[in-house]
Amino acid sequence: MIPRYSRPEMVSIWSPETKFKIWYEIEAHACDAMADIGVIPRENADAVWKAKDVEFDVARIDEIEAVTKHDVIAFLTHLAEHVGSEEARFVHQGMTSSDVLDTCLNVQMVRAADILLGGMDRVLAALKTRALEHKDTVRVGRSHGIHAEPTTMGLTFARFYAEMDRNKNRLEKARWEIATGAISGAVGTFANIDPAVEEHVCEKLGLRPEPISTQVIPRDRHAMFFATLGVIASSIENIAVEIRHMQRTEVLEGAEFFSMGQKGSSAMPHKKNPVLTENLTGLARLVRMAVIPAMENVALWHERDISHSSVERAIGPDATVTLDFALHRLAGVVEKMLVFPENMLDNMNKFPGLVMSQRVLLALTQAGVSREDAYSMVQRNALKVWEERLDFRELLLGDAEVVKALGEDGINEKFDMGYHTKHVDTIFKRVFGE
């Protein structure tokens, strides 16, 4: 990913330096395990650890690979330059390149997941704070973009919290799914390496042994991981689109924070644009772009081919770096978001009383009016509010049929806003458990 949409902590996981360090740890731990079971001399295994503090020379490895045309062999050659050819002759004993590549990739993805989970915790904390702050801030709910019935801004934040909490649970499962390693040799049969080596390496790297590998770790695990990232990205976009709508000039119920010195437009000085949430919509598309290729990687020829390899070299860093940046950008937007309760009430009252139409409809049916007749009585008054901006309550009070069925007091009591917010506490307890 480009630096503009990257955070150093996540980028470092995917750096060549980090990758080669993990490769080295895999090889060194494998040598230890092989020495423990008497496959290689202990002194040779110990010698490999002479390189534990080495910063592997990426340029030198690239130079060797230019000749060998094989990245793992290039790394092993460079490692021997540090350890010594004789001492390093048992490195990679009985292993195949995928043992190193796949186990390393899964270590990187687990580390990436841990960072992403931290970002999700920040988003969840921000959403919960704003939900509690605006628990009773009334705004109009919309369906099809049209005024429906009253809700609260707190419920809006709370439903996004619940969605992200589900996503956190999904990511924790996806992290578990991907936390396997394989040191099983060519075609995964352990013919040339003992399964105890795999167990030892995985334990040292915080992984579980893959129950059955071919020459690669099964790619359904990776497909699940990237699909989860795609769902999280879609939830980010869901929140971003809501904020973008709220910031529209004719709505203006909420807005991104606009800092001192910030400019909204090169042409129009009055502009305050929702650029961060628009950016989040775009970043979500980039993350989702990795999902289909990851699923297509599941089908490999026989015990393996490398059609998945080039894909993963791109989507591994790109999807995790982009989602990491997006999570922290979203958290910042929510933390500093401006909310305008007065505008929420003004918007709801643009069509005075109209949001109470269902309550009147239900009251008429309970008073003995058929649903068809009740709907007609309410709608004929509601349409006048739409078309002439008249007051819905006043229209109902002037409708003889409605008054006959409900009485004036019965009509007036149907315009109590508390009717729509009476179960907010119940919903909050379900979401937050408090």
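A: A polar contact is a pair of N or O atoms within 3.5 Å; within protein, one must be able to donate a hydrogen and the other to accept it, and residues adjacent in sequence count only if both atoms are side-chain atoms. This is a predicted model, in which local features need pLDDT of at least 70, side-chain atom pairs count only at pLDDT 80 or more, and totals for chains, interfaces and linings use all residues. Residues are numbered from 1 along each chain as its sequence is written, and side-chain values use heavy atoms, leaving out hydrogens and water.

Start with Lys414. It sits in the loop between H17 and H18. Helices are DSSP runs (H or I, at least four residues), numbered from the N terminus. Lys414 counts as buried because its relative accessibility is 10%; buried means under 20% relative accessible area, with a 1.4 Å probe and protein chains only. Its side chain reaches the backbone oxygen of Gly410 at 3.0 Å. The Lys414 side chain also makes a polar contact with the side chain of Glu413, at 2.7 Å.

Now the neighbours. Leaving out residues up to four places away in sequence, Lys414 touches Met356, Arg359, Val360 and Ala363. Contact here means heavy atoms within 4.5 Å.

Helix H14 spans residues 357–366, and its buried residues are Arg359, Val360, Leu361, Ala363 and Leu364. Those buried residues pack against helices H15 (371–388), H16 (392–397), H17 (400–412) and H18 (418–421). Just after H14, Gly368 takes a positive phi of about 105°.

Notes
Buried < 20%, exposed > 50% of the residue type's maximum accessible area, 1.4 Å probe, protein only. Helix = DSSP H or I, 4+ residues; strand = E, 2+ residues; numbered from the N terminus.
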